[in-house]
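Here are my notes on this one, as numbered points. Have the viewer open while you read.

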Amino acid sequence: AFIKLEIFKKAYYDAKKEGLFFKMVRGAFSQRRKTIVNALSHIYKKEEVASAIKYLGFNPNVRIENLSLGELMDLFNRISIIST
């Protein structure tokens, strides 16, 4: 087996918010059979998550396990903008 690691030249998210990012990911994966909107509704307002998903062009019925790391970071960044 081979593993290819890539070093990102630019961080996808603000390192100061790393704890919040991992809180979002843990919260979503703790309820991974739910849609992402419902899985994150205990952390963020449903409207904020739905708006971010629509803005990013994701399927509204997407589940956390179907998103890549980059998509999770994009979702986190978008929700961070909306919820501030």
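1. Why does Val 62 count as buried? Its relative accessible area is 10%, and buried means under 20% (exposed is over 50%, partly exposed in between, with a 1.4 Å probe and protein chains only). Val 62 sits in the loop between helix 3 and helix 4. Helices here are DSSP runs of H or I with at least four residues, strands are E runs of at least two, and both are numbered from the N terminus.

2. A word on provenance: this is a predicted model, where local features need pLDDT of at least 70 and side-chain atom pairs count only at pLDDT 80 or more, while totals for chains, interfaces and linings use all residues. Residues are numbered from 1 along each chain as its sequence is written, and side-chain values use heavy atoms, with hydrogens and water left out.

3. Which residues touch Val 62, once neighbours within four places in sequence are set aside? They are Thr 35, Ile 36 and Leu 67, with contact meaning heavy atoms within 4.5 Å. Ser 51 is eleven residues away along the chain from Val 62, and their C-alpha atoms are 13 Å apart.

4. On the overall fold, you get four helices and zero strands, running α-α-α-α from the N terminus. The radius of gyration is 13 Å, close to the 12 Å from the globule rule for 84 residues, so the chain is as compact as a globular protein of that length. That radius is taken over C-alpha atoms, and the rule is 2.2 Å times the number of residues to the power 0.38. The C-alpha atoms fill a box of roughly 40 × 30 × 25 Å along the principal axes.

5. Of the contacts with a separation of 6 or more, 56% join residues 24 or more positions apart. Buried residues are 31% of the 84 in the chain.

6. Take a look at Glu 48, in helix 3 (residues 46-56). Glu 48 is buried but has no salt bridge, and the nearest oppositely charged side chain, Lys 45, is 4.5 Å away. For a salt bridge, a side-chain nitrogen of Lys or Arg has to be within 4 Å of a carboxyl oxygen of Asp or Glu. Beyond its neighbours within four places in sequence, Glu 48 contacts Ile 79, Ile 82 and Ser 83.

7. Lastly, Ser 80 belongs to helix 4 (residues 69-82) and counts as buried because its relative accessibility is 12%. A polar atom of the Ser 80 side chain lies 2.9 Å from the backbone oxygen of Phe 76.

Notes
Lys, Arg positive; Asp, Glu negative; His and termini not counted. Polar contact = N/O pair within 3.5 Å; in protein donor to acceptor, adjacent residues only side chain to side chain.
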